[in-house]
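Reader: I would like to learn how to read a few local features of a model, taking one feature at a time.

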Amino acid sequence: MARPITPSLAADVIVELEDRPGTPIVLIERKYEPLGWAIPGGFVEVGETVEQGARREIKEETGLDVELTDMLGVYSDPARDPRGHSVSVVYRGVASGNPRADDDALSVSAVPIDQVPPLVFDHEKIIQDYIRKFRA
């Protein structure tokens, strides 16, 4: 039997900077299309768990070592990514230190939750779910 064609698998993390007043979250400005601000994360590689992929992507894009604390949800709308159908497992995580832009990130920012700019993909929906679940 042929292997089925399936969506790409991604992992994203809403990183809370626990060592800063107000516990801002980390956002990246994407270096590649689609351009704009986003929750850090990316595609899971063959041979790694979703959690490993999430931690690797955060380290690559922000330089931070993140501790995953909760799973926010799974986002699978076929239209969520203009590059093609992808499914993202989204985590909440905590980190300390100064994030720095690297890899796919043009820049990085620690943003108070009430000052999140417009975001690419379905990340605004994800942030709203995060606020309802963890910050309400």
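Reader: In which loop is Pro34 found?

Author: This is a predicted model, in which local features need pLDDT of at least 70 and side-chain atom pairs count only at pLDDT 80 or more, while totals for chains, interfaces and linings use all residues. Residues are numbered from 1 along each chain as its sequence is written, and side-chain values use heavy atoms, with hydrogens and water left out. Pro34 is found in the loop between β2 and β3, where strands (E, at least two residues) and helices (H or I, at least four) are DSSP runs numbered from the N terminus.

Reader: What joins Glu33 and Pro34?

Author: Most peptide bonds are trans, and most residues other than glycine have a negative phi. Glu33 and Pro34 are joined by a cis peptide bond, with omega about -10°.

Reader: What is the phi of Thr23, and what is that of Asp103?

Author: Thr23, in the loop between β1 and β2, has a positive phi near 50°, and Asp103, in the loop between β6 and β7 (105–111), has a positive phi of about 55°. Thr23 counts as partly exposed because its relative accessibility is 27%, and Asp103 counts as partly exposed at 31%; buried means under 20% relative accessible area, exposed over 50%, and partly exposed in between (1.4 Å probe, protein chains only).

Reader: Which residues of helix α2 are buried?

Author: In helix α2 (residues 123–135) the buried residues are His123, Ile126, Ile127, Asp129 and Tyr130. Seen down the axis of α2, they fall within an arc of 160°, so they line one face of the helix, the arc being that of the directions from the helix axis to the C-beta atoms.
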